[in-house]
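Subject: Model for you to look at

Hello,

Here is the model I promised to pass on. Please open it first, then read my notes below.

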Amino acid sequence: MVTLRINGKLVRAKEGEMLLPVLQREKIDIPSLCHHKAVEPYGGCRLCMVEITKQEWSGRQNMVTSCLYPAEDGLIIQTHTTALIELRRTILDLYLARCPDTPEIQKLAAQYGVFQTSYEQVAKPDDCILCGLCTRICDRMGFGAISAVNRGHKREIAPPLKNAPPDCVGCLACALNCPTKHIQYTDCGFTREIWGRKFELLADKQTGRPTITREFADYLSTHRDIPRDYFEQNDESHRKETALILGKIAVWNREVPQ
Amino acid sequence: MKARLVITPHLCTGCRTCELACSFTHGRDGKIGQSRISPLNGGFSDIHIPVNCLQCEDPACVKACLAGAISFNEKTGAYEINQEICVHCLACVAACPFGCSLVDNQLNIVVKCDLCGGDPVCAHFCPSKALTYKQLQSKAVGPK
């Protein structure tokens with residue numbers, strides 16, 4: 001355990017733990033868009049910047065992304081100095097130039113007093129802030145179907161060669177965890193479309209309701225040793241079947257004297 | 001041997017108190033939660049089965065979770081979903097052969113029984129003692 005000083009308050013933290021989880025545990029309001037506990041920290045959105053210093057640094061200060069900086073003994077952290085708020089305002093201003101119509105960005109920018117961008121708006125605005133959370137989650141799941149392509153102002157998130165991704169299984173983890181809800185998908189009846197690829201959903205045998213995609217079920221049964229027929233029923237009919245089997249056992253227990 | 005939530009079907013009257021207790025315990029932000037336990041009819045008019053997570057030895061939900069969000073709690077003997085790690089791929093919901101990983105449509109999270117951190121509320125409220133939380137002497141053994 002190490003001792004930190006956050007905004008003047010002494011806080012205990014595990015050694016090597018990143019600063020952002022400690023700040024969130026202390027209920028300090030730090031904006032962050034690209035942080036997710038399931039994946040390694042990345043420092044993509046740059047909004048969680050904090051100012052750090054130490055007693056032996058003789059007055060030198062440094063601004064770091066708190067999601068990437070490990071806790072050390074004697075660290076003095078400031079989270080809401082004038083310079084930091086000005087920095088976050090600039091970052092949000094730049095985000096607004098890129099994504100002017102995104103509700104999540106607008107809300108966050110309004111909290112910091114930025115209502116309109118002072119920069120020139122990009123020609124084709126969209127909702128993507130290029131934080132890379134979708135690609136990191138896809139890699140964590142073990143698929144790696146999407147990645148960031150090109151560099152500089154042409155950078156974007158896309159499947160290989162912008163074709164339908166062959167490794168995607170249609171689990172929707174990227175779309176559901178996107179901080180700005182940029183990734184579009186359609187989920188209609190027994191078809192699901194994401195990243196330009198169409199998936200067929202498996203149907204429950206009894207109720208005829210969709211469960212998960214055929215590709216995801218194949219992946220889980222081959223890589224994780226789960227019997228394939230588990231996926232051909234949804235949770236509701238699984239529960240009903242369990243109740244029927246346990247009911248038979250209960251009747252049998254009642255009729256057979258113990 | 002860890003304590004277990006023991007279901008005794010011939011004592012269950014199908015009153016659904018456990019479902020209510022579970023929903024109200026796991027609510028958040030003024031909303032009630034999805035009940036982790038579902039009392040269902042067991043195929044006979046007088047047999048009711050409260051279907052709940054059985055905390056399997058080799059659970060399919062843990063094998064299916066590609067993000068590694070479901071972990072075993074040594075203290076309570078329950079498999080718990082860490083909501084901060086969960087990426088909502090619904091693999092565990094599809095994989096559980098007993099259908100005991102559920103989607104909470106109000107709070108938009110995936111839920112399963114976590115034995116309320118070692119003190120299951122459903123067992124407290126069960127009026128006929130069909131649900132009890134007790135220490136078992138031996139493991140259940142399958143047919144040879």
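Let me start inside a sheet of chain A. A:Leu4 stands opposite A:Val11 in E2(A). Please keep in mind that this is a predicted model.

**The sheet in chain A**

Strand E1 (residues 2–6) of chain A runs antiparallel to E2(A), and five bridges link the two.

What does E1(A) pair with in the parallel sense? The partner is strand E5 (residues 75–78) of chain A, joined to E1(A) by two bridges. A:Arg5 turns up again here: A:Ile76 in E5(A) stands opposite A:Arg5.

**Two domains in chain A**

Chain A divides into domain 1 (2–80) and domain 2 (133–239). Their C-alpha centres lie 34 Å apart. Domain 1 of chain A puts six residues into the contact, and domain 2 of chain A also puts in six residues. On the domain 1 side, five of the residues are nonpolar, one is polar and none is charged.

**Where the chains meet**

How many residues of chain B are in contact with chain A? There are 33, and they meet 34 residues of chain A. On the chain B side, four elements each supply at least two residues: strand E2 (38–41), strand E3 (48–51), helix H2 (60–64) and helix H3 (91–95). H3(B) gives the largest share, with four residues. By class, this side of chain B has 23 nonpolar, eight polar and two charged residues.

**The core**

The largest nonpolar core holds 108 residues. Which of them touch the most other members? They are A:Ile137, B:Ala91, B:Cys92 and B:Ala95. Domain 1 and domain 2 of chain A each give this core at least three residues.

Take B:Ala95 as a case to inspect. Leaving aside neighbours within four places in sequence, B:Ala95 is in contact with residues of both chains. From chain A come A:Leu220, A:Ile226 and A:Tyr230. From chain B come B:Ala60, B:Cys61 and B:Ala64. In general, nonpolar side chains tend to be buried together in soluble globular proteins.

**A hairpin in chain B**

Strand E4 (residues 70–73) and strand E5 (residues 78–81) of chain B run antiparallel, joined by four bridges. B:Asn73 has B:Ala78 in E5(B) as its bridge partner. E4(B) and E5(B) make a hairpin with four residues between them. In the turn, B:Gly77 has a positive phi of about 80°.

**Loop residues to check**

Two residues other than glycine also have a positive phi. One is B:Leu90, with phi near 65°. B:Leu90 is in the loop between E5 and H3 of chain B. Is B:Leu90 buried or exposed? B:Leu90 counts as buried, because 21 C-beta neighbours lie inside 10 Å.

The other is A:Lys162, with phi near 60°. A:Lys162 is in the loop between strand E7 (156–158) and H5 of chain A. A:Lys162 has 11 other C-beta atoms within 10 Å, so A:Lys162 is exposed.

A:Lys181 is in the loop between helix H5 (173–177) and strand E8 (185–188) of chain A. Why does A:Lys181 count as partly exposed? Because A:Lys181 has 13 C-beta neighbours inside 10 Å, and the partly exposed class lies between 12 or fewer for exposed and 20 or more for buried. A:Lys181 and A:Asn163 are 18 residues apart in sequence. Their C-alpha atoms are 21 Å apart in space.

Best wishes

Note on methods
Residues are numbered from 1 along each chain as its sequence is written. Chains are lettered from A and ligands numbered from 1 in the order in which they are written. This is a predicted model: local features need pLDDT of at least 70, side-chain atom pairs count only at pLDDT 80 or more; totals for chains, interfaces and linings use all residues. A nonpolar core is a set of buried Ala, Val, Leu, Ile, Met, Phe, Trp, Tyr and Cys residues joined through C-beta atoms within 7 Å. Domain bounds come from an automatic or database domain assignment. Two residues are in contact if their C-beta atoms, placed from the backbone, lie within 7 Å. Ala, Val, Leu, Ile, Met, Phe, Trp, Tyr, Cys and Pro count as nonpolar, Asp, Glu, Lys and Arg as charged, and the others, Gly among them, as polar. Two strands pair if DSSP finds at least two bridges between them.
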